[in-house]
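User: Could you take me through the fold of this chain and the backbone details that deserve a careful look?

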Amino acid sequence: LNILGFENSIPYDLAISANEEAYKFDPLDMVEQIVYMDYYVGCYLDWHIDLGHNAPHAGRKLSMVINLNDSDDYRGGDLQVMSSESIKTTRSKGSCIFYPSYLRSKINPVMKGNKKILVAWFGGTNFK
């Protein structure tokens, strides 16, 4: 799998690295299918939590967003993650952002062009 320069790597490897470096959730032994999303003018995603009550959503621990196009290709569409600590998000093509699935997040409305992203969720057994 080649995702914008991540030659011979898979998003799961990236999630394991991000988890070991920043979050230390145990275990990360599940990945949901990667989803392609295309936000066009007027599209947005309001505040929500990726962690749910039922399988497979109940096992989500880490959310991932990969930007597929340059920030000059669209206006608006910023990812916001609500946290007590600063979680930096970027709009650069190929950037990969991970954050805990229990945090509230949203995508602001796209004002011009199209925002293209891949999203996936990683997890395992439910939080205790």
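The questions and answers below concern a predicted model.

User: In what order do the elements of the chain run from the N terminus on?
Analyst: The predicted chain has one helix and ten strands. Read from the N terminus on, the elements run α-β-β-β-β-β-β-β-β-β-β.

User: What radius of gyration does the chain have?
Analyst: For 128 residues the globule rule gives 14 Å, and the chain comes close to that value, so it is as compact as a globular protein of that length. Its C-alpha atoms fill a box of roughly 40 × 35 × 25 Å along the principal axes. The radius of gyration itself is 14 Å.

User: Among contacts between residues at least 6 apart in sequence, what share joins residues at least 24 apart?
Analyst: Contacts here are counted between heavy atoms within 4.5 Å. Among those in the chain whose residues are at least 6 apart in sequence, the share that joins residues at least 24 apart is 80%.

User: Is lysine 24 buried or exposed?
Analyst: Lysine 24 lies in the loop between α1 and β1, and this residue has a positive phi of about 60° although it is not a glycine. Exposed means over 50% relative accessible area. Because the relative accessible area of lysine 24 is 60%, this residue is exposed.

How values were computed. Residues are numbered from 1 along each chain as its sequence is written. This is a predicted model: local features need pLDDT of at least 70, side-chain atom pairs count only at pLDDT 80 or more; totals for chains, interfaces and linings use all residues. Side-chain values use heavy atoms; hydrogens and water are left out. Helices (H or I, at least four residues) and strands (E, at least two) are DSSP runs, numbered from the N terminus. The radius of gyration is taken over C-alpha atoms; the globule rule is 2.2 Å times the number of residues to the power 0.38. Buried means under 20% relative accessible area, exposed over 50%, partly exposed in between (1.4 Å probe, protein chains only).
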